[in-house]
Amino acid sequence: MGSQAPVAVSASPLVDDRSAQGVFRVARRVFVEAEVLDCEQREIFGKCWLYLGHESEISTPGDFLTRSVVGRSLIFARNKDGDVRTFFNTCPHRGAMVCREKQGSASLFRCFYHSWAFDLDGKLITRPGDESYAENANAHGEHNLVRAPRLEAYRGLYFINFDRDAVDLSTYLGNTKEFIDLVMDQSPEGMEIVGGTQEYGFRANWKLLAENSMDGYHGAPTHATYFDYVMSTNGGLGDTVVQISKPHDLGSGHAVVEYGAPWGRPIAKAVQAWGKEGEDEATALRASLTQRFGEARANRIAYTNRNMVIFPNFVINDIMAITLRTFEPVGPGQMRVNAWALAPKGEAPESRQRRLYNYLEFLGPGGFATPDDCEALALCQEGYANAGEARWNDISKGLNQERPSIEDEVQMRAFWREWSRRVEGKQI
Amino acid sequence: MSVAAALPRRLSVSRNDIENFLFEEAALLDDWKLTEWVALFEPGASYYVPTAGAPDDADPATSLFYIADDYHRLTERVKRLLKRTAHVEFPHSRCRHMISNVRIIGGDDQAFAVTSNFATYRSKRGRTELYFGHHNYVKTFADGAIRIRRKTSFLDSDDIAEQGKVSIII
């Protein structure tokens, strides 16, 4: 025999999908084994569109920021003509990281090691002793910064892809665009990232946060103290206005849940604690939405909450504020998270303040909810120490439901089916 | 401006008084006596933790923080942290709050500014996390008592990927 048979990640299924029999299970191995993560790095993170940043973060020519995406260090910049460029943050000469600042404005990037300097298109513009190089040494850009293989945007959201042959971003986003539009339509002037990034982490496998970000079932038990706070602040859980509770499998691993909830929404559902000023403002915002989109769409934007996961690791949650969130593995049992607040451009200062205040009541590492998610996911990961014997996660809730709610697990099954399609049976 | 000129002239309390206050505050936090801790704040006070590495002039009205509590939410935070259903801190983590480099920066009895360095250790289920940085306070002194009007805890780490969350009062 000249060659060995390929070694598959698993001979037995990792995702045990027997929906017709009411069974849907995921093997806990997928959260702990380095081989699974290696396969994910290649088959998922190496081939899917990954969120990089928002256009507003580099709004002016010369603006740049450095950001890590699945372990790659990238420079996200706007050149002098206003075009967005993305490079790997590594010098073509010896590989040193070229840019060490988190963000700023620049006319060139200079690697301090041998002082090669690059313009905002990544082109080498100067280096000491240039005459010692062959005349055509950079004829094919060999000495320029290496660009991200693919960079595309949808409504201000920039994504990269390490696979040159990937489908275009618009095709990849597919049915998620309807829901992205419901967020991006919230201001005629466009949307912007507000005041920085929350960079934190979970001591858990990255896939657990994909599930958690759109998990309606855990809300009441895990976040009991948050709902205590909402009641105490507003004198009750109040009017949820919309009764909808609907999970959507958007295809290709993307999923979203739509639902009504008791909290206030800066666009545009006031709660008691906001007083008359807040109520007046919400009314005016809804009137403006109605004028632009008609009543049905205006009400959908204003009252309906949306938690969406764009496969594999990008979350848009339009809830008591809007958060964008990415999460990426730094090992099977550890992930890094970046979270941002997205808001309408030109928002009145009081509204902006209320939005940020609202964001922090639930979201982020100091909110009244996310730290408990941190703990829940860490406990799952610690529980997987028993994965050899206690082998399966159950994800079957709602399989027998004709009209599943967001407390069912339709949305997680959408994620896992795509995960399985991309990973199972692939060579390690 | 010289250091001497910067020292407050109309302040009835000394650095020793302030250090005693800060050490007692740290002891309350170490012991999870959060109801007693929040009583150190005057009504209307605020409590902030900006994102790691934020500058001293960061403003929660325009920047994303980790924590930006008005007095109402601060009292709610304390209520939450003392519940069994605040899962991340039940059972309570063990914490030790170290305070040093205490300076009174300026002001008078009505409002004076204090800064201190801190290192807070949190231990739970075999893991220890370190939070370090500096606290900036605006305090008042009236009727023989020091009260906190605003406390802002600045973290010096690049991010909190290792700690993961700010689930305790650092």
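1. Two residues are in contact if their C-beta atoms, placed from the backbone, lie within 7 Å. By that criterion, nine residues of domain 1 of chain A are in contact with 11 residues of domain 2 of chain A. On the side of domain 1 of chain A that touches domain 2 of chain A, strand S3 (residues 50-54) of chain A gives the most, with three residues; strands (E, at least two residues) and helices (H or I, at least four) are DSSP runs, numbered from the N terminus.

2. The model is predicted: local features need pLDDT of at least 70 and side-chain atom pairs count only at pLDDT 80 or more, while totals for chains, interfaces and linings use all residues. Residues are numbered from 1 along each chain as its sequence is written, and chains are lettered from A, with ligands numbered from 1, in the order in which they are written.

3. Domain 1 of chain A covers 50-161 and domain 2 covers 175-423, bounds that come from an automatic or database domain assignment. Their C-alpha centres lie 33 Å apart.

4. Helix H7 (residues 275-293) of chain A packs against helix H8 (residues 295-303) of chain A at an angle of about 135°, with the axes 7 Å apart. Axes are lines fitted to C-alpha atoms, for helices over the stretch in contact, and angles run from 0 to 180 degrees between N-to-C directions.

5. H7(A) contributes A:Arg286, A:Leu289, A:Thr290 and A:Phe293 to this contact, and H8(A) contributes A:Glu295, A:Arg297, A:Ala298, A:Ile301 and A:Ala302.
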